[in-house]
Structures are given as structure tokens and as C-alpha cells.
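Work through the exercises below with the structure in view. Try each task before reading its solution.

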Amino acid sequence: MRRRDFVQLTGLGLGGLMLPLGANSNPVSLEALLDSPLLASQKKVLADVALNTAKGLGATYTDVRIGRYLNQFISTRENKVQNIVNTESFGVGVRVIAKGTWGFAATNDVTPDGIKKATERAVAIAKANSKFQKEPVKLAPVQGYGEVTWNTPIQKNSFEVPVSEKVDLLLRTNSGALKNGASFANSNLFQVNEQKYFASSDGSYIDQDVHRIWPTFTVSVIDRASGKFKSRDAMSAPMGMGYEYLVPKNEDKLSGPAGMVLYRNSYDIVEDASIAAKQAKEMITAKSVEPGKYDLVLEPNHLGLTIHESIGHPLELDRILGYEANYAGTSFASIDKLKSGTFNYGSKQINIFADKTQVGSLGAVGYDDEGVKCKRWDLIKDGILVNFEAIRDQVHILGQNESHGCCYAQSWNDVQFQRMPNVSLAPGKDPYSSEQMIKAVEKGIYIAGRGSYSIDQQRYNFQFGGTTFYEIKNGQITGMLNDVAYQSNTQEFWNSCVKVCDEKDYRMFGSFFDGKGQPSQVSAVSHGSSTSRFNAVNVINTGRTI
Amino acid sequence: MILLTKDEAYTLMKKVLAYSKADECEVNLSGTNSSNVRYARNAVSTSGTVSQYQLVVSSAFGKKSGIATINEFDDASLEKVVRRSEELAQLAPENPEYVSILGPQTYAEPVTYVQATAAITPKMRADAVAQSLQVAKDSKAVAAGFLEDNNGFSAMMNSKGLFAYNTSTNTNFSVTVRTEDSKGSGYATRGYNDVTRLNTKSATQIAAEKAVKSATAKAIEPGKYTVILEPAAAAVLLENIFFNMDARQADEGRSFLSKAGGTTRLGEKLVDERVTIYSDPLNPDLPTSTWNGDGRPQEKITWIEKGVIKNLTYSRYWAEKKGVKAIPGPDAAIMEGGTKTLEELIAGTKKGVLVTRLWYIRTVDPQSLLLTGLTRDGTFYIENGKIQYPIKNFRFNESPVIMLNNLEELGKVERTVSVESNVNYLLPPMKIRDFTFSSLSDAV
């Protein structure tokens, strides 16, 4: 992820987190976020200008995306509101195939004339670039769906909730942390609404309203005497939901070890911040881990990032083919390995599926950004690699004739390309709880939440930290640990999985700002899993003194 | 798109301020043209151009402030954006940390604009990429790369009489060359304000040579090694020091610069005495803006002198609270080096590892600034002053603070680009002892 393209939201607590504001994203008033500037019928008229213009200029395929992208970000620290940012970005992107080559142009002049000019530019670019083309673009067929709509099934539009109510919740979160011993507390709320209209020369006119939300915080405890400081981040997950995610329900709470509370489809941010403060305090004096081999019990809000980095990314077909070689890298998961039908990605416990329809997930939409109806498909079955993630212009390379429907652009002015769908680990079929899992471990570590993460450019070697670590000895949690990170190799790691908890433990982790491409684009994606056990993983001690 | 001149920007912003009814009003105006070409598998994959103007208006009533933005410049739009920022300010909660805007400032004349870069044409871009692709084809290798250039202006004016204006150009190029059998990979990156200094052919030749020479790498045991970090590898480690020089974090006890007892390391020797790091907006090899986003002058500042922490960065609020000068964070950093070339550093190394580039850098522990990541695109074993053979990539766990205490030797400074942040630096290649490689990677 390129820092230059991002605005750093706060210097504190969110160290690595950068806030993307699209190139044409403008701060707007609160009321403006609730306006609806164009009806679907008006957008259809505008889209037809692009489709007809391109056809007249010899394009063999055209799609047009009229997009309105709304964001609201609220950041606070202790008893202060640091920032409230409302942004809107509105414009149109036109993509064509002419002379067998892609061309793309975008404009924020959403008028028939503006769209016509952008379309002419897109066709001209395609024709100019065709001389570099080795073979013409080949699209997997897609059905024209006519005029259809899809909306994220939200219960409460977060943009309609008064800012004062959201600010109050964040300040109560900080106050809960401070009362429980935190030295500092930063909390943030990100809300996204993508109003996307897609039309293509295949005969689709798709109107979609997509919502995402991410409440999060960092609670820090400073021990002035020793000079030590420790932080604990929120156990929330960014979700494809409305404000209902922030209305806690008891049935969504799970009890974790050592008094932890874990959350499923709704989140109690004030409760979590209070627990976080106590845990951060405990971290100051917790013992430093003894390096060595441990059985790891990884809860979903931690395991999701490991799935993301070591399965989600290596199975992207464009990366495998070398299109990301100069930036995100390539992949160890070759087409040969897939075609062999015998590549043991993981143990028999490992069933990994991609699913762009999962309710509540960040990646859920009805149709992707090239008009393909979204679906679920298997990536790894009983440990064997069975498929990749591919879109219309590349899926034929796998000998398949249907796109997987995972094409996405972060905005109207960015060209759409292959992005990771939601990639999840299926829960175990036999009833099995995380308590049972911990009881069965002799020497292990329970890891919750996301931490430091790093993986090589072909996705073999990785190192992950976490938010909180607990030592397991003879089936009992014996106390908190510090300085834990585990290192492994993708195939070895997934083959060391001996057990996955059942569906009662299943919940989603999310990545809100996943970066890919040059210029870099972000996308949001979820990863579901149940708590899982991995045997004899190499744990290192990361404690150093400077 | 044509950029506004200093006079045109001045006139436009004066007009905007005339609409203001707030206690304080500040206007930022910018315009940029940026273009890029991306290629992979020895063919162009995408290319694009974006031109845009943006006007940002901040209004404040007491300690309540609001910001609004617009990209239309007729009178009605200019008035609308001012009114909107005022409405948002009235609705905003009071910010106790709000600091009143600055009065008139004096800035040095910037040297960031080079006409040749602003005048780059689509054909020049295509030719530059074609030269890179030709090298890959001649080497029977596969190239993926990215070339981007931009030119723009930024200006600022406020109701207390401050006015600032700057123009700049920049070009960044990076290329990864892989052998056809994917057993070798090499990389090079270049950044300049002046595009005439960019030679995509020679950069790609270096990447291609590294690709060919790094094929059939041997595995050696992880452990502590003497390393020679090329500037591109050093950049992604050292910038974690530059990004964490904030005084408030240090004072609050949550920085690698915080100390037991509640004090900070300001004024203390933290790294080897041969380490001097500064920023200078007028350096001809790495010019940057002479003012920052809130109107403070960017001056030559020494951050680390002979190993001692000399200055920290301050927000205006924190500086006022602490009664010190509010030094803004720099746009780039420069580290003093020595006189030896990379080849001479290698020649003087008995046993060691040459690192072309590091990848996927993440903070493991903010307290010690421990970082992890991996070597990539050309890692070689050195013995008796010569590169002996390519070696498999390593994961490292190392703190740049510890690393700069284990300094053996510095080479000649050159301009480089961080692949993590895209920020440009002037850094020397550096020889470091006891650099911690903790595991092997099969990645090429």
C-alpha cells in the first residue's frame, strides 16, 4: 500500500493505518451524503451514451460505471474529537475493447457530452495500445441481466445516524478504556457507501447500493517508571453492514479464554475497550515467550489475516501470471499445481471457499464491476487445491468459461481488475468448541486479533504477530505472553492444521484497505473461519532492547 | 492541463478569502497532472493520465473549524465552498487543540520544478518503456515495470496575510526483471525531479543482470551476518526512524524515543557516531517544498548528528504547549555517507551478504522499532571481497536503531526510492554487522 496516496488519519495508535481519499474525493456537508443526485432511469440514459458512442467507434465491448462514493470518518482521542471528515466522489468510468485491446477513461463531467468525450478517449487509448498487444482480449461469456438492483441488506443506514450519536459512542469507548487503566485511547469509525451503476454492451443495467462499516480503537498503557508501553487494538471486524453492527446483541458474544469476549455479527465497542485497557495493563508485566515449537490455537479475528495473506493472495490468477510482479509479487501456486489435481495445500481439515455472496461480508455484492453475477466456489477441497480467483479476461487460461465474478475498482476513476473475493475456511463438521480445543493442547499458545504481518512476494514464508497471546499448558490457559510471533511456510502451515471448530464458533475477520496494483487501489474483503489448531509451529521471541 | 502561475493563484485565492465571514479562513489550492504506464510479461498492461485542480477552504469560529473542497472555480462555486466550510465549522464540536492560523512567513525559493519533466509527452513515456522492454527481451527475461511522472503547483493563503506558492515535478520508475524460468529476479528503482536524469535502459540492465546472476540460488543457514544494504534496501528500514520522530508520542511515552522515568532520548546518543541524518529542501539532488501544509517554512534541519538525536517533529499545538519551536516533519531525508562505491564496499568484505532490496516491511514492536520483512530480487553471498554466488532469500527481524549501532562502513550517497512509502531519499549503501536473518524463504 503506497503511503503517498493516503492521508494519515492520526499519528497515534493507528501507526500503520492510512486513510484513502480518492483522487477526486471531496469533503461535503453531512446533508449532502443523504442526497440522491440521479435516478437509475437517468443513469441508464447516460450509460447508453457511452455504449452507443463506443459501438459507433468500433468497440467490440463496452462497460460504463457511474459511481458515487461516500465516506464518513470520525476520529477521537480520550475526550476529544480529532476529526470528522465527510467525502463524496462522483463520476463515470468507461472501459472498452477496441482492436482487441482494453482502453479506459474517466471523467467527473457526468453529462452526455462529458461521457461521450470520455468514451472517445477510452477507444483512442485502446487503439493506440493495440500495437503493444500480443493477443486479443478474450472475455468469458456473461449473460445480460437487463435492469436489476442489489443492496447490502442493512438494517440501519449509518449515514443517517446523527454524528453526535456516533461521537458520543466513541467518547464513551475512550472513557471506558481510561476508567479501566488505559493511559491513552484513540477510537475511529469508518463508514463507506458505494452507489454503483453498471451498464455493459452485454445488456446489463445494474444498480447497486453497497455499505461497509468499521469501528475500531487502540488503547495504550504506559508504565512511566520502566518506560514500557503496550497497546491493544479492538476485536471488532470491519463488516458489510449498517449501523446495526454497533448495536450489541448478547447472542453475538462468545466467551474466550481469560475473560475475553469475542464478537460475531454485532459489536460492543464500549465493553471491548474496557477489557482492552485491563489486558494492555496486564501486558506490561506479562512474561516474554520462550521461543520454540508450540501448538497454536488461532481464533478467527487472528486467523483471517493468515488466510488473507497465505491463501487469498496466492490464488489470484493475475498475480500467478505475472501482472503484479513489479509490486505485489507473483505466487508459488502455479497453474501446474492446480492442474495436477493433487497439490496438498493443507491437511484434510482444510476446506477453503471463495464467496462474494456471504451476508455481512465486506466483499458481498450482487454483481461484480464487470457485470458478472456473484457466487460461491471452492478453492481448496479436503486440503487439495481445486481453483483460483479469476475474472472475464483471464479465466479462459484455466480452461474455464465462466468468470468467478471478483472484478473490482476502488472508484469510478480507477480501472477495474481482479481482486480477492471473500476467502473463508469452512467450519469443522463435527461439534467442537474452542474450549474443547484448548483442553486438548499440552503446550501451546492461544492467539487472538490481528498483529504485525509480513509474507514474501511468492507467499511461501510468513511471520505473524497478534493482539493478545495466552500460554496453554496441559489444557489450561496459564497466563498472558508477550513478544510472540510465529514463522512458517504456507504449505507446511496449512498441513499442520489438525482441527477446526464447528460453525457455532464461525465468524468473520475483515481487511478494509487491502492494496494492489500500480497506481495502488484498495478493496475491502472478509475472511470467515472458526478457531483452529495448528501443531508444532515455530514461535520466535520478538523482544529487543535498544 | 495548464498550471496556475503565482500571480493567477494569488488573485484567485484573494477572491476566495473575500467571501469569508469566519474568524479565520485558510485556503489551499493545488493542481496536478500525473501520467503513468504499467507493463508486465514484456507488454504494456495499462496506462493513464489524471489532471485535477482542488481548492480546500478551512474556516474557524473560535476553536470550531470546518473544511470544504471544490474543483470548480466560477464565482458561485467559490462562494459556495466558503459558505459550506463555515457551516461545517459552526456544527463542529470545539477542538481544544485548535491553534490559530499563522501570519505571513518567509520562505526560500524552491527548486523543485524542472521544465523537462513537465514537458514529457506520451511518446517519450512509450519510448522509455520500449527501451526497458528491449533490455528484457535481449536478456531473454521477462519485465514488469511502472513509470509515472507528475507536475503540479500548490499554493496557500490565509486571512492573516500568509501566502505561499510552489511548483514541482517528479518522476518515479521501477522495474522487476525475472528470468524466463522464474529462477532469478532482479529489481531497480529510480526517482528524479528532472526526467532527463532518468535512464530506464540502464536501470533495466541492472535489474536484468541481477535476475540472471541470482538464478540457481543456494540456501545458507539463517543467523547473524554482515550485510551490505544497497540504498533501496536501507531506505525501507531507516524511514521507520524518520516516520517516528514525533515529539508528542515520545513525550507521551509511546515511542522508541521514550525512556524510563518519563523522559525522552532527545539530546542523547542513540546510534553510531558516523550517523548524521538531516533534511534540506534546497538540496539540488533531492529538492522538496520550502513550506509544509499548514504554512510553516521547511528549513534545513539536522535530526541525528554524529549519532545524537538533535531534533524531533512537533505539531503546532504540541510545540506551543511545550514552549518550543514547531518544526514540521520533513518531506525527504538525507544521510551522510562515505566515499566508497558499492563495489569497493564489497571488495573490502571478508564474508557477508549483499542485499538489493527488502520487501513487506512491518513493525513488530514499536518500543524497539523491531521490523520484519524479506530480502528480494538479488541476494548474494560475498567472500574475500567478491560476490561468490546467489543465495536464497531470508526473512529478517531487525531494528534500524540496533542496525545503526552495528555500523561498519558507509558508501557514497545516492538518490533512492522507498518501495514501501514511495518517498525519495539520499542514502549511502551501508555495511552492517550482525544483521539478524531469522528464516529462509523459497520465494524468487
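**Exercise 1.** Determine whether helix α5(A) is mostly covered or mostly exposed, and compare its span with that of a straight helix.

Solution. This is a predicted model. Step one: a residue is buried if 20 or more other C-beta atoms lie within 10 Å of its own. By this cut-off 13 of the 13 residues of α5(A) are buried, so the helix is mostly covered. Step two: α5 of chain A covers residues 300-312, and a straight helix of 13 residues would span 18 Å at 1.5 Å a residue. Step three: the end C-alpha atoms of α5(A) are only 15 Å apart.

**Exercise 2.** Describe how the two domains of chain A meet.

Solution. Start with the bounds: domain 1 of chain A is 3-219 and domain 2 of chain A is 288-541. Their centres, taken over C-alpha atoms, are separated by 25 Å. Next, count the contact: domain 1 of chain A gives 37 residues and domain 2 of chain A gives 30 residues. On the domain 1 side, β4, β5, β6, β8 and β9 of chain A each supply at least two residues. The most comes from β9(A), with 6 residues. Sorted by class, this side has 20 nonpolar, 10 polar and 7 charged residues.

**Exercise 3.** Describe the side of chain A that touches chain B.

Solution. First, the count: 55 residues of chain A are in contact with 72 residues of chain B. Second, the elements of chain A that give two or more residues include β3 (26-27), β10 (228-233) and β26 (484-489). Third, the classes: the chain A side has 22 nonpolar, 24 polar and 9 charged residues.

Conventions
Residues numbered from 1 in each chain as written. Chains lettered and ligands numbered in written order. Predicted model: local features only at pLDDT ≥ 70, side-chain atom pairs only at ≥ 80, totals over all residues. Domains from an automatic or database assignment. Contact = placed C-beta atoms within 7 Å. Helix = DSSP H or I, 4+ residues; strand = E, 2+ residues; numbered from the N terminus. Nonpolar A, V, L, I, M, F, W, Y, C, P; charged D, E, K, R; others polar. Expected span 1.5 Å × (residues − 1). Buried ≥ 20, exposed ≤ 12 C-beta atoms within 10 Å, placed from the backbone.
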